[in-house]
Amino acid sequence: MATDLNVVALVGRLVRDAELKYSQGGTAVLRFSIAVNRSRKNADGSWDDEVNYFDCVYFGRNAGSVNQYLEKGRQVSIQGELRQSRWEQDGQTRSRVEVFVNNLSLLSSAQNANGGQKTFQNQGVVAGTKPAPAKPAPAMREEYQPGPEDFQDDDIPF
């Protein structure tokens with residue numbers, strides 16, 4: 001039997017402030033969109049930047065906690081899975097693909113590109129911040145994930 005895989009990891013910046021709502025059952029639902037830049041080489045050898053936009057959904061207790069940090073321009077790293085929603089509107093079938101976030105890391109603020117990092121996981125707790133590491137509680141863990149500012153063009157092998 002073949003095993004399917006649905007995993008996505010993105011680093012980008014919020015295109016607007018996140019929107020927090022609560023379900024009828026009281027679960028926090030945080031929606032936000034990120035822009036991910038990609039450079040591509042043209043036929044003439046020059047490089048063009050291309051922007052891709054992704055709608056993201058984050059559920060659970062950490063969604064309410066992280067909301068205050070997710071302002072426009074903030075750089076984040078997310079890991080999750082793609083989910084497709086389908087519905088009918090005005091007699092036409094519509095669909096949308098969203099990233100359902102399992103892990104979210106705050107990489108920098110909108111004002112400070114060299115800011116600290118905090119990590120939020122759907123069933124986890126906020127990790128310590130960098131560069132001044134805090135002494136983690138037993139349920140906490142520290143994690144470093146390099147962002148795009150940690151790499152130079154010469155470091156990429158293609």
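## Arg74 and Glu71

In this predicted model, Arg74 forms a salt bridge with Glu71, and their closest N and O atoms are 3.9 Å apart; a salt bridge here is a side-chain nitrogen of Lys or Arg within 4 Å of a carboxyl oxygen of Asp or Glu. Arg74 counts as buried at 10% relative accessibility, whereas Glu71, at 22%, counts as partly exposed. Buried means under 20% relative accessible area, exposed over 50%, and partly exposed in between (1.4 Å probe, protein chains only).

## A network and its partners

Through salt bridges that share partners, Arg31, Arg96 and Glu98 are joined into one network. Within it, the side chains of Glu98 and Arg31 meet in a salt bridge of 2.7 Å, N to O. This pair links distant parts of the chain, with Glu98 in strand S6 (residues 92-108) and Arg31 in strand S3 (residues 28-41), 67 residues apart; strands (E, at least two residues) are DSSP runs, numbered from the N terminus. Glu98 is buried at 5% relative accessibility, while Arg31 is partly exposed at 37%.

## Glu50 and Arg38

The whole structure holds 6 salt bridges, and another one of them brings together the side chains of Glu50 and Arg38 at 2.6 Å, N to O. Glu50 lies in strand S4 (residues 47-59) and Arg38 in strand S3, so this pair ties together parts that are 12 residues apart in sequence. Glu50 is partly exposed, with a relative accessible area of 27%, and Arg38 is also partly exposed, at 41%.

Residues are numbered from 1 along each chain as its sequence is written, and side-chain values use heavy atoms, with hydrogens and water left out. Because the model is predicted, local features need pLDDT of at least 70 and side-chain atom pairs count only at pLDDT 80 or more, while totals for chains, interfaces and linings use all residues.

Conventions:
Helix = DSSP H or I, 4+ residues; strand = E, 2+ residues; numbered from the N terminus.
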